Amino acid sequence: MSKISNLMAKETVIDVEFPDIEGFVVNLVYLGRDDLMKIRNASLTYKFNKRTRQREEEIDNDKFIEEYARRAIKGWSGLKVGSLPKLLPVDISAMDKDEAVDYSEEDALDLLQNSTIFDQFVTDAMNDYEQFSISKKAEDSKNSKSTSGTTSKQGE
């Protein structure tokens, strides 16, 4: 077995704050190429092309996005009804704007399917693979401790 395969994290979950909504944090699982290929292959449908007399494969986009949402988004916190208009066109006039929108697979799927901003946010977070690295988390943790230690010394 190669050295790199021994070092690869099996399942890495991170919390990423959505930039335009204060307090909205999404729990994401890194999906590598192998995971994405499994989702893609499970989303394939086959159709017979009468013109070429060949069987052709097509990706069922709805099935793909459904499985992607289920596997990539593990939860969220801090999403309020009043923040939904920043993500997609909604009518919240009869709702309490401070009511929490708790995570559910159905709501995650709805956001991915109907909010280009949320879809782009998840895609960008997935492409920033460095933030899924365990050493990166340890370094960030160490940096935040040393920064807070420095701040308290300056205040004394």
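Leaving aside neighbours within four places in sequence, Ser115 is in contact (heavy atoms within 4.5 Å) with Leu87, Leu88 and Asp110. This is a predicted model, where local features need pLDDT of at least 70, side-chain atom pairs count only at pLDDT 80 or more, and totals for chains, interfaces and linings use all residues. Residues are numbered from 1 along each chain as its sequence is written, and side-chain values use heavy atoms, with hydrogens and water left out.

**Ser115**
- Ser115 sits in the loop between helix 4 (105–114) and helix 5 (116–127); helices are DSSP runs of H or I with at least four residues, and strands are E runs of at least two, numbered from the N terminus.
- Ser115 counts as buried because its relative accessibility is 1%, with buried meaning under 20%, exposed over 50% and partly exposed in between (1.4 Å probe, protein chains only).
- A polar atom of the Ser115 side chain lies 3.1 Å from the backbone nitrogen of Phe118.

**Arg53**
- You will find Arg53 in the loop between strand 3 (44–49) and strand 4 (54–59).
- Its relative accessibility is 67%, so Arg53 counts as exposed.
- Arg53 has a positive phi of about 55° although it is not a glycine.
- Most residues other than glycine have a negative phi.

- An open sheet is formed by 3 strands in the order 1-2-5, with antiparallel pairing; two strands pair if DSSP finds at least two bridges between them.
- Strand 1 (13–17) and strand 5 (73–77) are at the edges with a single partner strand each, so one side of each has no neighbour in the sheet.
- Strand 2 (residues 25–29) is joined to strand 5 by 4 bridges, and Val25 stands opposite Ser77 in strand 5.

Technical notes. Polar contact = N/O pair within 3.5 Å; in protein donor to acceptor, adjacent residues only side chain to side chain.
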